[in-house]
Amino acid sequence: MKPAFELLPRNASDPEVTVTVDGTGYDMREGENLAAELLRLGMSVTRRTPVSGAPRGPFCMMGACYDCLVEIEGARLQACRIKVTADLRISSIGGETEGALP
Amino acid sequence: MSEDVDLAIIGAGPAGLAAAATAARAGLNVALLDEQSSAGGQIYRDIERAAAARGDILGKDYLGGLSLVADLDSPRIRHIRNATVWQIDRDGSLTYSVHGEARVLMAKRLLIASGALERPMPVVGWTLPGVMTAGAAQILLKQSGIVARDAVLIGSGPLLYLVAAQLCRVGKPPMAIVETQTFSDLLSAGRHLPGALVGWRYMVKGLGLLHEIRKAGVTRFRGASEIEIAGTQMVSGVRFRHGKRSHELACATVLLHHGVIPNTQIARSLDIEHAWDESQKCFVPKIDQWGRSDREDVFIAGDGAGIGGAVVAALRGRLAALEIGRDLTAMTEAERDEIASRLRAQLRREMAARPFIDTAYPPFDEAMSPKDPVIVCRCEEVTAGDIRGYSRLGCLGPNQAKAFGRSGMGPCQGRYCGTTVTQLLAEANGATPDETGYYKIRAPLKPVSLGEVAALHDPNSEDERNDRAH
Ligand SMILES: Cc1cc2nc3c(=O)[nH]c(=O)nc-3n(C[C@H](O)[C@H](O)[C@H](O)COP(=O)(O)OP(=O)(O)OC[C@H]3O[C@@H](n4cnc5c(N)ncnc54)[C@H](O)[C@@H]3O)c2cc1C
Ligand code: FES
């Protein structure tokens with residue numbers, strides 16, 4: 001299936017770097033918003049909830065909902081608040097119980 | 001470690017930008033903090049970068065933000081980017097993190113200009129991947145040049161049409177707009193028409209957007225009800241009733257929007273008093289005509305003080321900055337009033353269309369009182385039925401509801417369920433929203449790591465923080 005999101009043609013030539021998501025490498029635009037790049041590449045599920053294991057993806061894109069949490073170097077961070085850099089390695093968050101956040 | 005300024009402003013949207021410029025002109029030293037990497041707030045998001053790349057798509061209003069951002073160029077203003085403010089103390093110290101490093105700043109006065117959030121729109125399936133807010137789709141377009149293809153927009157209000165029109169402009173018109181406002185809403189808005197004509201520019205703009213949407217051939221379903229989003233792992237479609245018929249549209253992206261509400265997290269964390277605004281169906285902080293809250297040294301401006309839109313936000317930001325300038329003796333009362341009277345006249349004109357818009361595009365009833373199975377707290381997956389159940393067990397307010405079932409205790413700290421939980425409990429208990437109250441918000445306002453807290457040098461403030469964490 002085609003991804004639900006696409007890049008405007010005039011933005012297509014930005015420089016790309018490789019980002020590893022759950023072990024697979026993807027070309028992403030450097031400096032671009034990580035959640036946006038995940039969506040563009042068709043990865044609309046970023047995590048599963050701790051309560052029921054239900055899938056979730058970016059919802060608000062403004063840092064308020066926390067549905068875009070991903071794991072980067074052991075920390076849980078909001079993909080919509082992260083810029084793509086070379087050699088970024090991220091994993092999606094599974095259904096295990098998450099550490100209690102304040 | 002800490003540094004002193006006259007005024008700290010949280011939020012570099014139109015309200016914060018205008019306030020910073022006005023305060024700097026009056027001679028105050030200003031720190032302007034925003035968690036975004038670029039100034040502009042929601043409406044002018046990423047404008048420094050995006051204006052060149054996609055200004056034409058985003059429209060004339062968007063480019064209007066350029067002059068506000070240009071005003072930041074003053075030696076008296078320090079714009080601190082990527083700065084998430086997560087704690088404010090009574091002594092005027094403000095703690096924020098930049099890329100995981102915590103810092104403290106001392107300010108004589110504080111202006112909260114943290115803007116709005118889209119009103120939560122709990123309907124069946126709204127937690128599925130592929131469902132976003134309309135504002136989120138706009139952010140993807142503004143800052144990343146990414147568009148949803150064949151999206152279905154659901155809800156009501158000017159921003160819904162704006163996003164639809166922007167999608168049309170890039171050649172990716174939405175598949176349909178499922179609109180929740182009804183013909184009778186429009187009729188009752190009619191009595192606000194005289195006011196709306198004073199604010200005619202907004203009406204012309206709205207008609208222009210509708211024209212763009214029509215030209216692109218987008219189907220509009222007005223007065224839709226019984227809305228459900230279908231899917232198991234992802235969105236697969238939308239079901240709704242329109243007139244006498246049931247409809248089902250297959251789609252991979254659903255964009256929800258039925259208005260914006262003040263983001264009151266920071267003010268709440270300071271125990272500033274709020275009151276329910278029945279016409280806008282949300283809590284607003286109690287402030288005077290300058291934006292001063294019941295805490296003398298704390299001001300609030302922009303959509304965070306009550307929804308008025310970008311121009312109103314900037315005007316209110318300026319008014320607050322003038323009074324802060326007078327308060328800190330950077331200007332006299334007469335100087336303040338001379339500028340303020342002009343701003344107030346403009347404010348009245350800008351607010352004139354508001355009652356019409358609020359009445360013609362009310363929030364969606366079904367999402368204000370969702371059916372039992374609908375999840376209201378996205379983080380902890382608490383349903384509307386759960387909340388009603390707590391009420392039957394004697395739960396009177398949102399803070400008690402936390403103890404019953406953890407609603408509002410996830411990482412979003414109630415941003416996307418607080419208003420709904422208040423409304424559900426008020427309805428179930430036959431009480432008003434004011435009687436029902438809202439979640440008590442405590443610092444940290446955003447989850448911070450222990451490392452961030454530990455990195456703060458000031459030993460006194462650290463002890464205090466630990467105490468509060470227990
Ligand atoms: C997603 C979204 C999109 C919108 N798009 C439009 C539009 O296209 N056109 C339009 O007319 N209106 C739009 N609006 C309405 C908008 O609220 C106002 O028009 C206008 O942006 C309000 O200005 P403001 O200065 O009050 O707040 P905002 O512009 O919202 O600015 C608030 C700023 O505060 C920052 N902030 C909040 N909390 C913190 C914190 N704890 N630490 C640090 N910084 C913080 C935010 O990052 C943000 O930049 C939108 C609203 C939303 C929610
Ligand atoms: S998408 Fe909501 S916090 Fe990132």
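In the hairpin formed by strand 2 and strand 3 of chain A, two residues sit between the strands, and A:Asp22 has a positive phi near 45 degrees. Most residues other than glycine have a negative phi, and most peptide bonds are trans. Strand 2 covers residues 16-21 and strand 3 covers 24-29, with A:Asp22 in the loop between these strands of chain A. Strands here are DSSP runs (E, at least two residues), helices are runs of H or I with at least four residues, and both are numbered from the N terminus.

Before going further, a word on the ground rules. This is a predicted model, in which local features need pLDDT of at least 70 and side-chain atom pairs count only at pLDDT 80 or more, while totals for chains, interfaces and linings use all residues. Residues are numbered from 1 along each chain as its sequence is written, chains are lettered from A and ligands numbered from 1 in the order in which they are written, and side-chain values use heavy atoms, leaving out hydrogens and water.

A:Glu71 is paired with A:Arg76 in strand 7 of chain A. Two residues lie between these strands, and A:Glu73 takes a positive phi near 45 degrees in this hairpin.

Chain B has hairpins too. Strand 13 (residues 225-230) and strand 14 (residues 237-242) of chain B run antiparallel with four bridges between them, and B:Ser225 stands opposite B:Arg241 of strand 14. This hairpin has six residues between its strands, and B:Gly231 takes a positive phi near 145 degrees. Strand 14 of chain B then pairs with strand 15 (residues 245-250) of chain B, antiparallel over six bridges. B:Arg239 finds its bridge partner in B:Glu248 of strand 15. With two residues between strands 14 and 15 of chain B, this hairpin gives B:Gly243 a positive phi near 65 degrees.

Elsewhere in chain B, a cis peptide bond joins B:Ala443 and B:Pro444, with omega at about -5 degrees. B:Pro444 belongs to the loop between helix 18 (433-436) and helix 19 (450-454) of chain B.

How do the two chains meet? The contact (heavy atoms within 4.5 Å) takes 51 residues from chain B and 40 residues from chain A. Together the chains bury about 4000 Å², 54% of it on carbon and sulfur atoms; buried area is the accessible area (1.4 Å probe) that two parts lose on being put together, summed over both. On the chain B side, B:Ile146, B:Arg149 and B:Glu381 lose the most area to chain A, together 16% of what that side buries.

Strands reach across this boundary as well: strand 1 (residues 5-7) of chain A runs antiparallel to strand 9 of chain B, joined by three bridges. One of the pairs is A:Phe5 with B:Ala148.

Charged side chains also link the chains, with four salt bridges between chain B and chain A. A salt bridge is a side-chain nitrogen of Lys or Arg within 4 Å of a carboxyl oxygen of Asp or Glu. A:Arg81 and B:Glu35 form a salt bridge at 3.7 Å, N to O. Over all chains, the whole structure holds 36 salt bridges. Inside chain B, B:Arg81 forms a salt bridge with B:Glu48, their closest N and O atoms 3.6 Å apart. B:Arg81 lies in the loop between strand 3 (77-80) and strand 4 (83-88) of chain B and B:Glu48 in helix 2 of chain B, so the pair ties together parts that are 33 residues apart in sequence.

Finally, look at ligand 1. It is surrounded by 32 residues, the closest being B:Ala15, B:Asp34, B:Gln42, B:Gln138 and B:Asp303; a residue counts if one of its heavy atoms lies within 4 Å. Residues from chains A and B surround ligand 1, so the site is shared between chains. An oxygen atom of ligand 1 is 2.8 Å from a side-chain N or O atom of B:Asp303.

Terms used. Two strands pair if DSSP finds at least two bridges between them. A polar contact is a pair of N or O atoms within 3.5 Å; within protein, one must be able to donate a hydrogen and the other to accept it, and residues adjacent in sequence count only if both atoms are side-chain atoms.
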